[in-house]
Amino acid sequence: MLRIHFVDNRQSPVWLADERFTLGSDPRNNLVLDEAGIAPFHAELRLDSRFYYLTDLGSPGGTFINNEQVGERYQVRSGDRVRLGTLELEIVDPAKAGAKVKAAPRWLLQVVTGENQGHKYHITGSMTFGRSVKCELCFSDPDLSRRHAEFYLKDDVLQVKDLASANGLLVNRVKVTNALLQPGDQVQLGNTTLLVIGPKVQMPAMEDEDATVFVRVADLPVTAEAKAVRPRPATPNPLRAAPAVADTSTVTVGAGPQQKSGWRLVLLLGALGLAIAAALVAQRLV
């Protein structure tokens, strides 16, 4: 059984399960493609003898397979690329040996408000969002810049980055320049709001830029002198120290305490003798 894959991974692949499978912008089609250049009933695929044949239903822009315009009953094979307007589809046979079937993308963006409301877009690799037709996610919102933002996967985590847009990028109503996205986040770009759908991821811990960081200084080698620290003598308090009494006695250099006491006694006796002599002289004069 064949499947139709969107080359830009805007939505999940679609199985060709019916004998008649129509493509176009009208809601009654098996595959509704609401894109510029696609007619209401653009083309159909019919199963005949186990093979599918593609027929253009008179669309103004035509139907192309591998860049070749086709008309009626063109047999499609695995690996063929079908182009309707600017949209490219790939025909894949998962059971065929050597078929390159890509794993289903894990991250999606669903339009909550704005153009293409309700549509889901699969994110694979890096995809730009904006008004330019060169963007993988092209919207006609006039409030969008030509290249407004970029959605990209890094280590299986979806991130978004503002590409210097005029009106900025908001994640959960907070203006950011780049952000890691979690399932349930809402990304606003111009008048378009996207809901993030994907696996739960462990967010890395964010450092507080205002937090005080204490840095350990380098350990210096300890010298032998620093290890043997000598205790410093206590400094006496000058307010509590007793006033020193001046010693007017003549002391011989190198004299001991007993010699100092002897000299003091001699001087005291001499002074006493002089006082008695002076008293006697005073009495005679009287």
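Modeller: An open sheet of six strands, paired in the antiparallel sense, has the order E13-E12-E22-E21-E18-E19. Strands (E, at least two residues) and helices (H or I, at least four) are DSSP runs numbered from the N terminus. The model is predicted, so local features need pLDDT of at least 70 and side-chain atom pairs count only at pLDDT 80 or more, whereas totals for chains, interfaces and linings use all residues. Residues are numbered from 1 along each chain as its sequence is written, and side-chain values use heavy atoms, with hydrogens and water left out.

Biologist: What makes strand E13 and strand E19 stand at the edges?

Modeller: Strand E13 (120-123) and strand E19 (174-176) each have a single partner strand, so one side of each is left without a neighbour in the sheet. From one strand to the next, the twist averages 30°; the angles run from 0 to 180 degrees between N-to-C directions, with axes as lines fitted to C-alpha atoms.

Biologist: Which strand pairs with E12 over five bridges?

Modeller: That strand is E22 (residues 192-197), in the antiparallel sense. In E22, Val 196 is the bridge partner of Leu 109. Strand E18 (residues 169-171) is likewise joined to E19, by three bridges, and Leu 169 has Val 176 as its bridge partner in E19.

Biologist: What is the order of the open sheet of five strands?

Modeller: The order is E15-E14-E16-E17-E20, with mixed pairing. Strand E15 (137-138) and strand E20 (178-180) stand at the edges, because each has a single partner strand. Within this sheet, strand E14 (residues 126-130) and strand E16 (residues 149-154) run antiparallel and are joined by four bridges; Phe 129 stands opposite Ala 149 in E16.

Biologist: Why is the contact between Glu 44 and Arg 20 called a salt bridge?

Modeller: The term requires a side-chain nitrogen of Lys or Arg within 4 Å of a carboxyl oxygen of Asp or Glu. The N to O distance for Glu 44 and Arg 20 is 2.8 Å, so the pair qualifies. Glu 44 lies in strand E5 (residues 43-48) and Arg 20 in strand E3 (residues 20-24), so the pair ties together parts that are 24 residues apart in sequence. Arg 20, Glu 44 and Arg 46 are linked in a network of salt bridges.

Biologist: Is Glu 44 buried or exposed?

Modeller: Buried means under 20% relative accessible area, exposed over 50%, and partly exposed in between (1.4 Å probe, protein chains only). Glu 44 has a value of 8% and is therefore buried, whereas Arg 20, at 41%, is partly exposed.

Biologist: How are Arg 28 and Asp 26 classed?

Modeller: Arg 28 is exposed, since its relative accessible area is 66%, while Asp 26 counts as buried at 15%. Their closest N and O atoms are 2.9 Å apart, in a salt bridge.

Definitions and conventions
Two strands pair if DSSP finds at least two bridges between them.
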